[in-house]
Amino acid sequence: MFSGFDLDVIQRSLPYLFREGMIFTLTLTAIAMSGGIVFGTLLALLRLSSRAWLSSIAGGYVNLMRSLPLVLVIFWFYFLMPYVGAWILQQDQPVRIGAFLSAAITFTLFETAYYCEIMRAGIQSIPHGQVAAGQALGLGYLRTMGYIVLPQAFRNMVPVLLTQTVILFQDTSLVYVISSTDFLGAAAKVANRDGRLVEMYLFAAAVYFVVSFAASFYVRRLQTRIAVIR
Amino acid sequence: MNYNWNWKIFFDPEPGGSGTYIQYLFVGLAWTLAVALCAWVIALAVGATVGTLRTGPSRWVERACAAYVELFRNVPLLVQMFLWYFVLPELLPTAIGDWIKQMPPPWGSYVPAVLCLGIYMSVRIAEQVRAGIQSLPRGQGMAGTALGLTLPQTYRYVILPMTFRIILPPLTSEFMNTMKNSAVALTIGLLELTGRAKAMQEFSFHVFEAFLAATVIYLLVNLAVVLAMRALERQVRVPGFIGVSTGVQAGH
């Protein structure tokens, strides 16, 4: 079954897999996570706004993103971005945009919708008395949110936010469809060049498993440690 | 911005000769639904079994099921797709492997896609079922025991019917996730809706018409599923139990 299993090909390609591929995957994950959490929080505030038009625009965006397959969204942005770039820069020809920038913008905007739902649940989990207390102290909307509601909402939602990040880390492998060299893309390139599909894909699966498993194990430990006893 | 919109493109024949582009996309939708529905059957059967066994009395069974969940949850769907499509036929005995590799075109990628997606989603359903069972008051199981039901009977007549009613809303979103995730099958050559929108873009160079059409089709199917499931939820609701929030979850 494993006769002719060639471990050498993995060893030879390790520098390429990790220096090119894993760096791409981790950078993309980090950018999409930070952007997603910042924009997602802002979007959650809009979604909870008392102005109907604001909350329906934010809700429409979230629902649109959540009803589409990530692969389709990646294609959308990959082809749309050159035109948007041309429009912003006032040029006649579509602007050339690299695969990394395209992936970073796509994942940030896509994950924003998911982080938004998490932050919305986090904000809604804060008892209304907290907001009322803030107002009673004479704080405005921004200060009530910034000093009272959001810190608590973040604390409650840290485990879910991190779990979402683990899923994001796995989903970045889908940039394969626009031929980016992320970790899986690098493994696939070596696999096809050397005709070693079995070894490379099993190795890639093992690496993804170890990273995701370790991360979700850490999240579970964190969850029990930071739980606020009420 | 000089993009030539041409909405009539949908009525042009596609180069494969199977009809117009709009027909081509709808055949893609049929494949998307075929993958999603078959995968959903596998996911529900395996997921309900694994999720139920995780709440059972045997620690070893619990551990084995937990290992199954962790294994398939921590590997990206795309990697699993490649494992089923490229790697599995190589690891099986040569005769079976060759038989798999020689399956005629759409089935050669359809079968691995369904199996992969079914197993991948079964893990998420198992977690929902387990959470649903654990959210029931312990008295329910005890009441079953007090009535003289055996453990399987308690599960069959008391616990599981309640569980499935409680987890119906999350199961709805898992079904939609199954449909969305079926787009990943395009990487192993299955021309489902997203794959066909991409192919249409390559043939006709009308990127945005193709993707807009696919987007609208996905939104309509989503809407239909949401409405149907809402009706089902009203049908099977047990007063006081449904609407129990299962909390926010990470997803994609």
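Of the 252 residues of chain B, 37% count as buried. This is a predicted model. Its scores are ipTM 0.90 and pTM 0.90. Chain B has an average pLDDT of 89. In that chain, 95% of the residues reach at least 70.

**The build of chain B**

What secondary structure does chain B have? It holds 10 helices and zero strands. Reading along the sequence of chain B gives α-α-α-α-α-α-α-α-α-α. Its C-alpha atoms fill a box of roughly 70 × 50 × 30 Å, taken along the principal axes.

Now take the contacts in chain B between residues at least 6 apart in sequence. Of these, 74% join residues at least 24 apart.

**Where the two chains meet**

One helix pair spans the two chains. Helix H3 of chain A, residues 70-88, packs against H10(B). Their axes lie 11 Å apart, and the angle is about 155 degrees. H3(A) is therefore roughly antiparallel to H10(B), since angles over 145 degrees count that way. The crossing of H3(A) past H10(B) is left-handed.

Which residues meet here? From H3(A) come Leu72(A), Phe75(A), Trp76(A) and Phe79(A). From H10(B) come Val207(B), Phe211(B), Ala214(B) and Thr215(B). By class, the contact of H3(A) with H10(B) has seven nonpolar residues, one polar and no charged.

**A helix pair inside chain A**

Chain A has a helix pair to look at too. Helix H4 (residues 99-124) of chain A crosses H6(A) at roughly 145 degrees. The two axes come within 8 Å. H4(A) passes H6(A) in a right-handed crossing.

Several residues make this contact. On H4(A), they include Glu111(A), Tyr114(A), Tyr115(A) and Ile118(A). On H6(A), they include Val149(A), Ala153(A), Phe154(A) and Asn156(A). The contact of H4(A) with H6(A) counts 12 nonpolar, three polar and one charged residues.

| Helix pair | Angle | Axes | Crossing |
|---|---|---|---|
| H3(A) and H10(B) | about 155 degrees | 11 Å apart | left-handed |
| H4(A) and H6(A) | roughly 145 degrees | within 8 Å | right-handed |

**Two loop residues with positive phi**

Where is Ser179(A)? It sits in the loop between helix H6 (141-171) and helix H7 (183-194) of chain A. Its phi is positive, about 55 degrees, although Ser179(A) is not a glycine. Is Ser179(A) buried or exposed? It is exposed, because 10 other C-beta atoms lie within 10 Å and a residue with 12 or fewer counts as exposed.

Phe205(B) lies in the loop between H9 and H10 of chain B. Phi of Phe205(B) is near 65 degrees, a positive value in a residue other than glycine. Phe205(B) has 12 C-beta neighbours inside 10 Å, so it counts as exposed.

Leu91(B) belongs to helix H3 of chain B. Why does Leu91(B) count as partly exposed? It does so because it has 13 C-beta neighbours inside 10 Å, and partly exposed falls between 12 or fewer for exposed and 20 or more for buried. Leu91(B) and Trp31(B) are 60 residues apart in sequence. In space they are 28 Å apart, C-alpha to C-alpha.

Leu14(A) is placed in helix H1 (residues 7-47) of chain A. With 10 other C-beta atoms within 10 Å, Leu14(A) is exposed. Leu14(A) and Asp92(A) are 78 residues apart in sequence. Their C-alpha atoms are 43 Å apart in space.

Methods
Residues are numbered from 1 along each chain as its sequence is written. Chains are lettered from A and ligands numbered from 1 in the order in which they are written. This is a predicted model: local features need pLDDT of at least 70, side-chain atom pairs count only at pLDDT 80 or more; totals for chains, interfaces and linings use all residues. Axes are lines fitted to C-alpha atoms, for helices over the stretch in contact, and angles run from 0 to 180 degrees between N-to-C directions. Helices (H or I, at least four residues) and strands (E, at least two) are DSSP runs, numbered from the N terminus. Angles under 35 degrees count as roughly parallel, over 145 as roughly antiparallel, 65 to 115 as roughly perpendicular and the rest as oblique. A crossing is left-handed if the near helix is turned anticlockwise from the far one by less than a right angle, and right-handed if clockwise. Two residues are in contact if their C-beta atoms, placed from the backbone, lie within 7 Å. Ala, Val, Leu, Ile, Met, Phe, Trp, Tyr, Cys and Pro count as nonpolar, Asp, Glu, Lys and Arg as charged, and the others, Gly among them, as polar. pLDDT is the predictor's confidence in each residue, from 0 to 100.
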